[in-house]
Amino acid sequence: MSSPWLTYGTVALHTLIIYLYLIVLVRIFSRRQLGQLTVIDLIVVILLGSAVETAMINGNTAIRAGLISAATLMLANFALSQVFLRIKRFRHLVGSGPVLIVHNGHYVDENLKRIGLTHDDVLEALRSRECAELADVRFAVMEVDGTVNVILSGK
């Protein structure tokens, strides 16, 4: 019968190994900043957590399985991102591009409805860009990463 401290030490060691391993994998396969994560990147992060959880708290074979699982997920994500770069049609099936939300001082309600934004959401985004009046906006575009870029009409 092993001591609880030995078990806790093993968990701590496995967690540290996986932590360092994931840092290396993320540095190799991902150059995006956190604010630039796509939906697919978020899914990979969630799956990575699930994939390595067992390896952090279970026995000796679980750490190998966790490392292999994490590497497989990162490699698959890298491959998918390469496909997105090369095949525009596939990129639009899985992810969307920028969306016009204001045009010449008027909401583009069809696009707002499609992406789930309200007029209040748009006004908040405009205020964060130091734009007080909707009428002053030539274009407002929601980018793929969720940021809103505003081009003023220049009156």
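Guide: In the hairpin of β3 and β4, five residues lie between the strands, and among them G146 takes a positive phi near 95°. Strands here are DSSP runs of E with at least two residues, helices are runs of H or I with at least four, and both are numbered from the N terminus. The model is predicted, so that local features need pLDDT of at least 70 and side-chain atom pairs count only at pLDDT 80 or more, while totals for chains, interfaces and linings use all residues. Residues are numbered from 1 along each chain as its sequence is written, and side-chain values use heavy atoms, with hydrogens and water left out.

Strand β3 and strand β4 (residues 148-152) pair in the antiparallel sense over five bridges, where pairing requires that DSSP finds at least two bridges between two strands. Within this pair, A140 stands opposite V150 in β4. Strand β3 (residues 137-142) also pairs with β1 (residues 99-103), again in the antiparallel sense, over four bridges, and there V99 stands opposite M142 in β3.

Both β3 and β4 are included in what covers the buried residues of helix α6, as are β1, β2 (106-107) and α5 (109-115). In α6 (residues 119-128), V122, A125 and L126 are buried, meaning under 20% relative accessible area, whereas exposed means over 50% and partly exposed lies in between (1.4 Å probe, protein chains only). These three are on the same side of α6 because they cover an arc of only 100° around the axis, the arc being that of the directions from the helix axis to the C-beta atoms. On the other side of α6, D120, E124 and R127 are exposed.

Conventions:
Contact = heavy atoms within 4.5 Å.
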